[in-house]
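Hi,

Here is the structure I promised to pass on. Have a look at it first, and my notes follow below.

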Amino acid sequence: ETGPVGFYAGLGPFVLFDSISGCIKFGAYELCKQASVKFVPEEYRELSNFVSAAVAFIACSVVLVPGELFKVKLQAKLYPSVRACVAGVWREGGL
């Protein structure tokens, strides 16, 4: 009913939060991987990389999940603007 504008509702928060979470994910992964080189024996390197990836994804979820929440609520037309969406989510119980 709103055409192309409605199709792209929520794109701004998605791009912002996804970009930030990507930076956090790769930064956390590299930090964990570098730390594991010092403390984990070579025969456990694959497991260490797996754990590093899991920790990185958990770290980036702190930013990714709220961004997804805003995107979905804007796409569902529950709020007229990003500002109203953030205020409404905060009022409903926070992030």
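Predicted model: local features only at pLDDT ≥ 70, side-chain atom pairs only at ≥ 80, totals over all residues.

Glutamate 30 and lysine 33 form a salt bridge, with their closest N and O atoms 3.8 Å apart (the term covers a side-chain nitrogen of Lys or Arg within 4 Å of a carboxyl oxygen of Asp or Glu). The two sit about one helical turn from each other because they are three residues apart in helix α2, residues 11-39. Helices here are DSSP runs of H or I with at least four residues, strands are runs of E with at least two, and the numbering starts at the N terminus. Glutamate 30 is partly exposed at 35% relative accessible area, and lysine 33 is also partly exposed, at 27%. For the cut-offs: buried is under 20% relative accessible area, exposed is over 50%, and partly exposed is in between, with a 1.4 Å probe and protein chains only.

Residues are numbered from 1 along each chain as its sequence is written, and side-chain values use heavy atoms, with hydrogens and water left out.

Back to the charges. How many salt bridges does the structure hold? There are four, and two others are worth a look. Glutamate 68 and lysine 71 pair at 3.1 Å, N to O. Both lie in helix α3, three residues apart, which is about one turn of the helix. Glutamate 68 is partly exposed at 29%, whereas lysine 71 counts as buried at 17%.

Then there is arginine 45, which bridges to glutamate 42 with the closest N and O atoms 3.2 Å apart. Arginine 45 belongs to helix α3. Setting aside residues up to four places away in sequence, arginine 45 touches Ser36, Val37 and Val40, where contact means heavy atoms within 4.5 Å.

Serine 48 is in helix α3 too, and has a relative accessible area of 7%, so it is buried. Beyond its neighbours within four places in sequence, serine 48 is in contact with Ser36 and Val40.

Helix α3 also holds valine 51, which is partly exposed at 42%.

Now for the inside. Which residues make up the largest nonpolar core? It has five: Phe70, Leu74, Tyr79, Cys85 and Val89. The elements giving two or more residues to this core are α3 (45-75) and α4 (82-92). A core here is a set of buried Ala, Val, Leu, Ile, Met, Phe, Trp, Tyr and Cys residues joined through side-chain atoms within 4.5 Å.

Leucine 74, one of the core residues, lies in helix α3 and is buried at 7% relative accessibility. Not counting residues up to four places away in sequence, leucine 74 touches Ala9, Gly10, Pro13, Tyr79, Ser81, Val82 and Cys85. Its C-alpha is 16 Å from that of leucine 64, 10 residues apart along the chain.

In the loop between α3 and α4 you will find lysine 77, which has a positive phi of about 60° although it is not a glycine. Most residues other than glycine have a negative phi. Lysine 77 is partly exposed, at 44%.

Finally, glutamate 92 in helix α4 is exposed at 56%. Leaving aside neighbours within four places in sequence, glutamate 92 is in contact with Lys73 and Tyr79. Glutamate 92 and tyrosine 8 are 84 residues apart in sequence and 24 Å apart in space, C-alpha to C-alpha.

Cheers
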